[in-house]
Amino acid sequence: MVNLHVNSRNVDLDIKPHRTLADVLRTEMGLIGVRVSCSEGECGSCTVLVDGRPCTSCLMLVNQGEGKSIVTIEGIGTPDDLDPVQEAFIEEQGFQCAFCTPGFILTAKAFLAENPNPTHDEVSVAMSGNICRCGAYPYIVRSVMRAAAKLREFA
Amino acid sequence: MRSEFQYRRPASIDEAVAMKADLGTTAMYWAGGTDMVLHWMRSIHSPELCIDITRIEGLRGIEIDRDSIRIGAMTSLDELDRSADRHCLLNTLSDITKLMCTPQTRTIATVGGNLCNASPAADLSPAFVAMNADAVLAGPKGRRRVRMEEFFLGVNKTSLSGGELLEEIRIPLNPDLKVVASYRRIDRTVVDIALVNASSCISVDSDGVINGCGIALGAVAPVILRVSDAETLLLGLSVRELGRDREELQKVEELSAIAAKPISDVRASAEYRRQMVKVMVRRTLQDCAIQLKA
Ligand SMILES: Cc1cc2nc3c(=O)[nH]c(=O)nc-3n(C[C@H](O)[C@H](O)[C@H](O)COP(=O)(O)OP(=O)(O)OC[C@H]3O[C@@H](n4cnc5c(N)ncnc54)[C@H](O)[C@@H]3O)c2cc1C
């Protein structure tokens, strides 16, 4: 039995331990916003927040998520009530096919919580663990800059 | 097929060590898993028991006192990165972590995992060797200290045996000396392992005379190499000489290139690697000179 705290919800899962967190979030909890692409920690698609820090969930065992607060893209906003970072990505069109977008948004959220007023270069470095195969990088950086401005306004 | 395994989360070092000693090679210590998950997926390792040591109190964190810096094995690369302003050697290590993995893998990857995986190209290993660090190993029969350069025995091979785990790394400090370190590597892309890397660590007394020196090379042999004969040449020199084109420096470069036993592979030829050893060592020494001037 594994107990996970995901998106403010507590769940007990009757599963075997030799599973990755990404796999369990997707297949047992239906949180398919957790994207699995490279499965090797390089692309950042599977990024989730664990106690507020971005982590590649494809390299974590499901048990390693126990006792921690896990947030996936499903946990930060709804279509009617988007997170400011999500809004910014839509407004700046920070995606093309959008497969990688959840990972980018969660990485950006954790980054902006620590650095609310970043430079363009700081954003690029902070996003360096997320790969966008469509190559929407210039738009993504603009989206994060816009998100930063929005969040400063709210603060 | 990847193996099915049981999962345990021991609460103490003793409990972990007892589990491992009991079950031997079928049980594996699991830290951040950033190397382990890939090894498991590819069936390089097929553990029957995963001993998750990331939550053991006392294996995490960084402490500095008069005589040493202690880095717990389960300190994440991200935590090491954030320790930069606590000591100038930690500042060097912090810069190294920025070259490693990606931001979201650095939050889970650990210092101990990087060392225990014993890749000849691992980024932290040469720096710890140059800094004259010790590995503190905890085993069923108690603790022992191993010099960092003796910790590595081959590709993915360490001197850990009989259930031992790496508890911490200790970097010695001498309160009477000023110490600085530098690390350089050549890579093809950002998320790539080093073709060649090198690290130097220099201690000077209040007159600016070099009193301690460590030079280590990575990715040019199955283990991290320490170039002791080259280190000796620099002792007694004034730090001002480090930036200049002195005969000793050329000798240091040559001895380093001779010590290197590089291979040719898809990444680079042995000849290129040997040549680059000289350049890397020279640059790390220049970096040290610049830091000491500041
Ligand atoms: C995308 C990506 C990029 C990477 N980039 C780099 C890079 O740039 N530079 C680099 O050097 N590495 C890199 N790595 C490799 C890896 O992330 C590091 O080596 C990392 O520090 C390993 O730590 P871990 O906690 O994940 O170890 P794990 O994978 O948990 O463990 C590694 C090995 O060490 C053993 N072990 C771990 N801790 C202990 C202990 N305390 N006592 C005894 N045995 C122990 C385990 O049994 C296992 O065999 C990269 C990996 C990925 C996935």
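**A few words before the views.** Buried means under 20% relative accessible area, exposed means over 50%, and partly exposed is what falls in between. Keep that in mind for A:Arg53: at 23% relative accessibility, A:Arg53 counts as partly exposed. Everything here comes from a predicted model.

**View 1. A salt bridge reaches from one chain to the other.** Here the side chains of B:Asp78 and A:Arg53 meet, with 3.0 Å from N to O. B:Asp78 sits in helix H3 (residues 77–81) of chain B and A:Arg53 in strand E4 of chain A, so the pair joins two chains. Is B:Asp78 buried or exposed? B:Asp78 is buried, since its relative accessible area is 11%.

**View 2. Where chain A meets chain B.** Chain A brings 31 residues to the contact and chain B brings 29 residues. The size of an interface is often given as the accessible area lost when the parts come together. For chain A and chain B, the buried area is about 2,200 Å², with 56% of it from carbon and sulfur atoms. How many salt bridges does the rule find across this interface? The rule finds four of them between chain A and chain B. One salt bridge to look for pairs B:Arg82 with A:Glu114, whose closest N and O atoms are 2.8 Å apart. On the side of chain A that touches chain B, E4, H3 and helix H4 (120–126) of chain A each supply at least two residues. The largest share of that side, four residues, comes from E4(A).

**View 3. The five-stranded sheet of chain A.** Follow the strands of this open sheet and you get the order E2-E1-E5-E3-E4 (chain A), with mixed pairing. Strand E2 (9–13) and strand E4 (53–56) of chain A stand at the edges with a single partner strand each, so one side of each has no neighbour in the sheet. From one strand to the next, the twist averages 40°. Zoom in on strand E1 (residues 2–6) and strand E5 (residues 69–71) of chain A: they run parallel and are joined by two bridges. A:Val6 has A:Ile70 in E5(A) as its bridge partner. Helix H3 (residues 101–114) of chain A packs on the sheet, touching strand E3 (47–50), E4 and E5 of chain A. The direction of helix H3 makes about 35° with that of E3(A).

**View 4. A three-stranded sheet in chain B.** This open sheet goes E1-E3-E2 (chain B), and its pairing is parallel. Strand E1 (6–8) and strand E2 (27–30) of chain B are the edge strands, each pairing on one side only. The twist here averages 25° from one strand to the next. How many bridges join E2(B) to strand E3 (residues 49–52) of chain B? Four bridges do the joining, and the two strands run parallel. Look for B:Trp30, which stands opposite B:Asp52 in E3(B). Lying across E1, E2 and E3 of chain B is helix H1 (residues 13–23) of chain B, which runs at about 150° to E2(B).

**View 5. B:Ile71 and its neighbours.** B:Ile71 has its place in strand E5 (residues 68–72) of chain B. With a relative accessible area of 0%, B:Ile71 is buried. Not counting residues up to four places away in sequence, B:Ile71 touches residues including B:Leu80, B:Leu90, B:Val111, B:Phe128 and B:Ile169.

**View 6. B:Thr158, a buried residue with a polar side chain contact.** Find B:Thr158 in strand E9 (residues 157–158) of chain B. B:Thr158 is buried, at a relative accessible area of 15%. A polar atom of the B:Thr158 side chain lies 3.2 Å from the backbone nitrogen of B:Leu160. Leaving aside neighbours within four places in sequence, its contacts include B:Leu115, B:Cys116 and B:Phe151.

**View 7. Salt bridges within a chain.** The side chains of B:Glu167 and B:Arg143 meet at 2.5 Å, N to O. B:Glu167 is in strand E10 (residues 165–172) and B:Arg143 in strand E7 (residues 142–147) of chain B, 24 residues apart. At 9% relative accessibility, B:Glu167 counts as buried. Over in chain A, A:Arg19 and A:Asp23 form a salt bridge of 2.7 Å. A:Arg19, at 17%, counts as buried, whereas A:Asp23, at 27%, counts as partly exposed.

Key:
Residues are numbered from 1 along each chain as its sequence is written. Chains are lettered from A and ligands numbered from 1 in the order in which they are written. This is a predicted model: local features need pLDDT of at least 70, side-chain atom pairs count only at pLDDT 80 or more; totals for chains, interfaces and linings use all residues. Side-chain values use heavy atoms; hydrogens and water are left out. Two strands pair if DSSP finds at least two bridges between them. Axes are lines fitted to C-alpha atoms, for helices over the stretch in contact, and angles run from 0 to 180 degrees between N-to-C directions. Contact means heavy atoms within 4.5 Å. Buried means under 20% relative accessible area, exposed over 50%, partly exposed in between (1.4 Å probe, protein chains only). A polar contact is a pair of N or O atoms within 3.5 Å; within protein, one must be able to donate a hydrogen and the other to accept it, and residues adjacent in sequence count only if both atoms are side-chain atoms. Buried area is the accessible area (1.4 Å probe) that two parts lose on being put together, summed over both. A salt bridge is a side-chain nitrogen of Lys or Arg within 4 Å of a carboxyl oxygen of Asp or Glu.
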